[in-house]
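Here are my notes on this one, as numbered points. Have a look at the structure first, then read on.

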Amino acid sequence: MAMANIARRKSTALFSSSSKHLSHNTKYSSIFSRGFASGSDENDVVVIGGGPGGYVAAIKAAQLGLKTTCIEKRGALGGTCLNVGCIPSKALLHSSHMYHEAKHSFASHGVKIAGVEVDLPAMMAQKDKAVGNLTKGIEGLLKKNKVTYVKGYGKFLSPSEISVDTLEGGNTIVKGKNIIIATGSDVKGLPGITIDEERIVSSTGALALKEIPKKLVVIGAGYIGLEMGSVWGRLGSEVTVVEFASDIVPTMDGEIRKQFQRSLEKQKMKFMLKTKVVSVDSTGNGVKLTLEPAAGGDQTTLEADVVLVSAGRTPFTSGLQLDKIGVETDKAGRILVNDRFATNVQGVYAIGDVIPGPMLAHKAEEDGVACVEYIAGKQGHVDYDLVPGVVYTHPEVASVGKTEEQVKALGVEYRVGKFPFLANSRAKAIDDAEGIVKILAEKETDRILGVHIMSPNAGELIHEAVLALHYGASSEDIARTCHAHPTMSEALKEAAMATYDKPIHI
């Protein structure tokens, strides 16, 4: 496996940002990470926000021997991800997939069920139970690690003092030598569209609809919109996705994106691309959207029972009084930090969705651990080039590293290896063989540059590729690694074989 060693020594320019976790404002790099402030000797670390970044940072700080307090305004830990995001959406995606399979696929496997129907309240109850159990579990972890948990809305009085309006109606002052801002993100609205969480909903409202809409219009063809569209489409809604851009999920590899869209269209999801939403009127019984081509032209109308606004997310820093202590932000409202997550204010740090980088729960967790390690005098690191992304539809789409379009833009000579799941024995055995693995590797060194997978459970398969990219592996390294048979992961091995040589099973 000599190629792997060559790959590790060459082409470091392709991942030039890997030495830092984001494009930082370098003038902050000289800030001393401990940032002790006078008069605040009560806590070593105070974390504002109890989401994936915040609660993980708090637990890690406590594990490193730092006296820690976590402040959370929701009164339930886990942030958007656990309460109204990743977890409840995946619960509904799984439940709706089970219903769809029972209705459309079980019979072909010799399992006959008469009168399959949706019990929406029971489905929602299962989702809520999962959320509740996990929230309590995180609270237990804070207690186990001796993290003080304060329920309330925190705002800066000084770089070392946080005023908390508690959920019980009182107020308390929490002092800390180091303050970490981990307040996450909020739904990005659209001009002229008022979200009421009943007929015009955000992802939060889409997770709690009381009945299955006959017609659902999704504004935005990103991860969240496609996932929630899939949920309600499986349950019987007629789903139309309206997207201003020319493509769905613009960050996705172009070839994979096209196959993904075709797959969703086979599931009866309709797409209106290059289309602008001019207005949304909910004064009547239903909702009426006025649309026009993105490039301009004649207007048309589209009617729906429910409209999901899924235009992305924006950093949430409202009420923190950042201006009071002088924390700098960019035009998008993101907090500027250096490569140690330090802001321009000594002793104040920020992680997760409030800073530049992917707005993903797992990225926030890595931020939290690295930030606390720096505060404790250790070394931390997060490589934003190697944060995996997953769309949890069926099939799923997962990726890490660079797309083919990005590699071309770099002017790098490369090879592409592909392998379809139609030729994978496990996929054929379970009759779920739609999808493909695509690997991009530098031609000279065989170093893997990017991996893209569309398949059932692609989100689980991608981590072998994440590890490979972290260690500078070549496609031959994966190809010569023994994979259990029969497994879906063999498709990744075969795609690696196709990248540096030839696959066996196609």
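1. Helix 15 (residues 490–500) has 9 of its 11 residues buried, so the rest of the structure largely encloses it. Buried here is under 20% relative accessible area, with a 1.4 Å probe and protein chains only; helices are DSSP runs of H or I, at least four residues, and strands are runs of E, at least two, numbered from the N terminus. Among the buried residues are Leu-492, Met-497 and Thr-499. The cover includes strand 21 (436–442), strand 22 (448–455) and helix 13 (458–470).

2. Before going further: this is a predicted model, where local features need pLDDT of at least 70 and side-chain atom pairs pLDDT 80 or more, while totals for chains, interfaces and linings use all residues. Residues are numbered from 1 along each chain as its sequence is written, and side-chain values use heavy atoms, leaving out hydrogens and water.

3. The protein splits into domain 1 (43–187 + 315–376), domain 2 (200–311) and domain 3 (395–500), with bounds from an automatic or database domain assignment. Domain 2 puts 11 residues and domain 3 puts 12 residues into their contact (heavy atoms within 4.5 Å).

4. About 990 Å² is buried between domain 2 and domain 3, 54% of it from carbon and sulfur atoms; that is accessible area (1.4 Å probe) lost on putting the two parts together, summed over both. On the domain 2 side, Asp-253, Glu-255 and Ile-256 lose the most area, together 50% of what that side buries.

5. Which side chain does Asp-253 meet in a salt bridge? Lys-438, at 2.9 Å, N to O. The rule (Lys or Arg side-chain nitrogen within 4 Å of an Asp or Glu carboxyl oxygen) finds 4 salt bridges across the interface of domain 2 and domain 3.

Definitions and conventions: Buried means under 20% relative accessible area, exposed over 50%, partly exposed in between (1.4 Å probe, protein chains only).
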